[in-house]
Amino acid sequence: MRLLVAAATVFELELLQQFLEQQFQKVREHHYCRNHLEIYICITGIGMMQATFRLTEAITAFNPHFCLQAGIAGAFSRHLPLTELVIVQEEVMGDLGVEDNGRFRDVFDIELMSANEKPFINKKLINTFSDFPLKLNLPFVSALTINTVSGTEATIRSREEHYDCAVESMEGAAFHYVCLQKNIPFLQVRSISNYVEPRDKSKWKIKEAIERLNKWMIANIPE
């Protein structure tokens, strides 16, 4: 089995990569093998544009059977504790559109794209696959992907009212889009590092969120 693991930054996969260096044979940079399992680490960079390009490149070169995206996320929902792990089942593009007299309207609202244009289903990029090599022992949520992280009360309120998603990231929709277009089974797992609110880094738990995320991945690596 060939498993591609993607993250925006090196830091989000640092502990996993240390584990692979110790427990797997290193084939080449970012490529590891043990028995019948091959794992390739894809660091996509920040944002949808970089993620789309680097994921497409990696998938073309590695030809994976399954793709996993792992990373941190901000939570709109206060029902999700910090460092909680979630599986993103559906993604929405949160800031691709226009401002129309003080109101945000996305590309589907203004009919530049059809809400059901493949691979979208009612504006959403939904993970419709069911055959997973990893344990699905985490809650499923909806997510918003944005180019500019929500940081003002007005922006947060607008995005909550428009999309009603539980979490936000900067790469998730790109991952869903590429995997759906390539018809490759996939899973997006996020660890909650902060709440979506006016920026206050003193409240964030990035280190703890990454550590918990990596421990889950290491524990769930297929045999």
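Modeller: Some ground rules. Residues are numbered from 1 along each chain as its sequence is written, and side-chain values use heavy atoms, leaving out hydrogens and water. As the model is predicted, local features need pLDDT of at least 70 and side-chain atom pairs count only at pLDDT 80 or more, while totals for chains, interfaces and linings use all residues.

Biologist: Thanks! Why is Phe120 called buried?

Modeller: Buried means under 20% relative accessible area, exposed over 50% and partly exposed in between, using a 1.4 Å probe and protein chains only. Phe120 has 5% relative accessibility, so Phe120 counts as buried. Tyr177, at 32%, therefore counts as partly exposed.

Biologist: And why is the pair of Phe120 and Tyr177 called tilted?

Modeller: Rings of Phe, Tyr and Trp (its six-membered ring) pair if their centres lie within 6.5 Å; planes under 30 degrees apart count as stacked, over 60 as edge-to-face and the rest as tilted. Here the centres are 6.2 Å apart and the planes stand at 45°, so the pair is tilted. Phe120 lies in the loop between strand S8 (103–106) and strand S9 (125–126) and Tyr177 in helix H4 (residues 172–182), so this pair ties together parts 57 residues apart in sequence. Helices (H or I, at least four residues) and strands (E, at least two) are DSSP runs, numbered from the N terminus.

Biologist: What makes Phe175 and Phe186 an edge-to-face pair?

Modeller: Their ring centres are 5.5 Å apart and their planes are at 90°, so the pair is edge-to-face. Phe175 sits in helix H4 and Phe186 in strand S12, and both residues are buried.

Biologist: Which residues have the most contacts inside the largest nonpolar core?

Modeller: They are Val5, Leu20, Ile39 and Met217, in a core of 26 residues. Such a core is a set of buried Ala, Val, Leu, Ile, Met, Phe, Trp, Tyr and Cys residues joined through side-chain atoms within 4.5 Å. A second, separate core has 24 residues, including Cys42 and Phe120.

Biologist: Which peptide bond is cis?

Modeller: The bond from Lys118 to Pro119, with omega near 10°.
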